[in-house]
Amino acid sequence: MKVLGIETSCDDTAISIIEKDGARVRVLANITHSQIEAHRPYGGVFPTLAKREHAKNLVPALDEALLRAEMNVSGTTEVPEELKTILAREPELLIALSAWLASHQKPEIDQIAVTKGPGLEPALWVGINCARALSRVWGIPVVPVNHMEGHVLISLLSPCGDDVYKLDEPRYPALSLLVSGGHTEILLSEKKGFYSRVGKTRDDAVGECFDKTARLMGLPYPGGPEISRLAHEARVQNLTSPIHLPRPMMMSGDLDMSFSGLKTAVRYGIESHGTLSDDARKGLAREIEDAITDVLIAKLSMAHERYAYDSLVVGGGVTANAFLRSALKTFAEERGISLYVPRIDHSTDNALMIAIAGSLHTGTTSDLVADGTLSIA
Ligand code: KG4
Ligand code: ZN
């Protein structure tokens with residue numbers, strides 16, 4: 001089965017095409033147009049700008065993905081009037097997509113998977129409406145996908161050749177730790193495909209905490225990779241922080257978390273310390289990484305005492321963080337837990353994870369619009 005994945009939940013416009021045969025996944029194309037440069041002047045993601053950028057980038061990304069997959073065939077296709085209704089809220093996309101569709105043949109795709117949520121609503125709708133339009137013209141189903149499930153599933157890929165992967169089956173019970181720019185949660189799975197949330201942040205997500213503290217330190221958006229880079233230098237040079245940070249809710253006795261206090265502590269710390277030297281900034285970056293990692297490992301440890309999980313699956317953009325990855329590896333090895341982490345370049349948002357999640361589910365176009373909501377419980 002060949003699946004086209006579409007991801008537009010935040011600031012990446014992404015299209016992927018996979019061929020799935022049982023547990024075997026061949027990646028035919030995986031295109032991501034990052035909007036980071038466009039959002040950088042705002043210090044974060046600006047939703048209406050994200051919507052505009054997705055509308056502009058989707059057709060070029062689709063064209064490029066089909067080229068990579070050797071499925072980009074010129075020809076004529078009749079574009080129904082109904083497309084105007086489906087894309088009524090996306091006038092720019094309507095023009096670009098209608099022209100592209102009219103001059104290309106239907107590719108050999110069996111199903112479309114699109115991120116239904118969670119994410120920024122204006123941004124999500126561009127991808128959803130694009131999927132609905134393609135589904136109507138090509139006459140194939142579209143499956144709504146939960147972005148966070150995508151982050152979980154892509155961590156289960158193990159390479160077995162050029163662009164070929166196997167989707168591993170973790171031993172159950174499995175625990176998933178999701179750490180992204182918008183979400184931080186701990187999910188327990190007693191069996192495949194079922195997730196119950198057993199912990200979450202009460203305020204900021206981990207990625208958000210990295211981004212906000214980085215901003216306070218005058219670092220560009222997104223702050224996670226910047227903090228990570230400075231923290232690494234601090235470790236190599238053995239630099240410590242002039243500001244000590246708390247480990248919020250580390251001993252709360254439950255699996256909930258809170259990260260907004262770190263941002264406040266960094267703000268007050270910088271105010272009372274005064275201008276930071278380069279070495280002090282590196283030390284502070286290290287302290288931020290340490291504080292976040294200490295809390296996450298403490299929660300995973302408590303969850304292990306509680307649920308004795310056999311597998312730990314981690315996903316989301318923050319799993320690109322090398323220090324967190326090595327702490328997770330040590331934690332899992334010490335307890336004999338099987339650890340699943342995504343490839344670094346699969347950590348942040350992409351459409352491959354959406355195509356994979358979609359290939360495991362069935363759904364209908366009406367699921368996307370029936371109740372007018374985007375979130376999946
Ligand atoms: O999963 P993702 O791409 O988007 C959301 O679904 O939110 O995650 C983006 C987040 C950003 O907050 C970014 O700063 C963080 O992942 N991130 C990192 C690193 N790379 C990306 N955080 C810490 N260290 C990194 N190396
Ligand atoms: Zn994400």
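## Zinc site

At 15% relative accessibility, aspartate 349 falls under the 20% cut-off and counts as buried. This is a predicted model, and Asp349 is one of the residues that hold its zinc ion (ligand 2). The ion is coordinated through the OD of Asp349 together with the NE2 atoms of His147 and His151, at 2.0 to 2.1 Å.

Along the sequence, these donor residues follow the spacing H-x3-H-x197-D. Histidine 147 sits in helix α6, while aspartate 349 is in the loop between β12 (338-340) and α12 (352-359), so this pair ties together parts that are 202 residues apart in sequence. Like the aspartate, histidine 147 is buried, with a relative accessible area of 5%.

## The largest pocket

So much for the metal; now for the open space. The largest pocket holds about 1000 Å³. It is lined by 38 residues, and those closest to its centre are Cys10, Ser180, Gly181, Asp211 and Tyr221.

Sorted by class, that lining comes out as 18 polar, 13 nonpolar and 7 charged residues.

## Who builds the lining

Which elements each supply at least two residues of the lining? They are the strand β3 (24-34) and the helices α6 (147-154), α7 (206-216) and α8 (223-236). Helix α7 gives the most, with 6 residues.

On the domain level, the pocket draws at least three lining residues from domain 1 (2-155 + 347-367) and at least three from domain 2 (170-341).

Key:
Residues are numbered from 1 along each chain as its sequence is written. Chains are lettered from A and ligands numbered from 1 in the order in which they are written. This is a predicted model: local features need pLDDT of at least 70, side-chain atom pairs count only at pLDDT 80 or more; totals for chains, interfaces and linings use all residues. Side-chain values use heavy atoms; hydrogens and water are left out. On a 1 Å grid over the protein atoms alone, a cavity is a set of points where a 1.4 Å probe fits but cannot get out, and a pocket is an open set with protein on both sides within 12 Å along at least five of seven lines; lining residues have an atom within 4 Å of a point. Grid points are joined across faces, edges and corners, and a volume is the space filled by probe spheres set on the points. Helices (H or I, at least four residues) and strands (E, at least two) are DSSP runs, numbered from the N terminus. Ala, Val, Leu, Ile, Met, Phe, Trp, Tyr, Cys and Pro count as nonpolar, Asp, Glu, Lys and Arg as charged, and the others, Gly among them, as polar. Domain bounds come from an automatic or database domain assignment. Donors are N, O and S atoms within 2.8 Å of the metal (3.2 Å for Na, K and Ca); water is not among the atoms, so sites may look incomplete. Buried means under 20% relative accessible area, exposed over 50%, partly exposed in between (1.4 Å probe, protein chains only).
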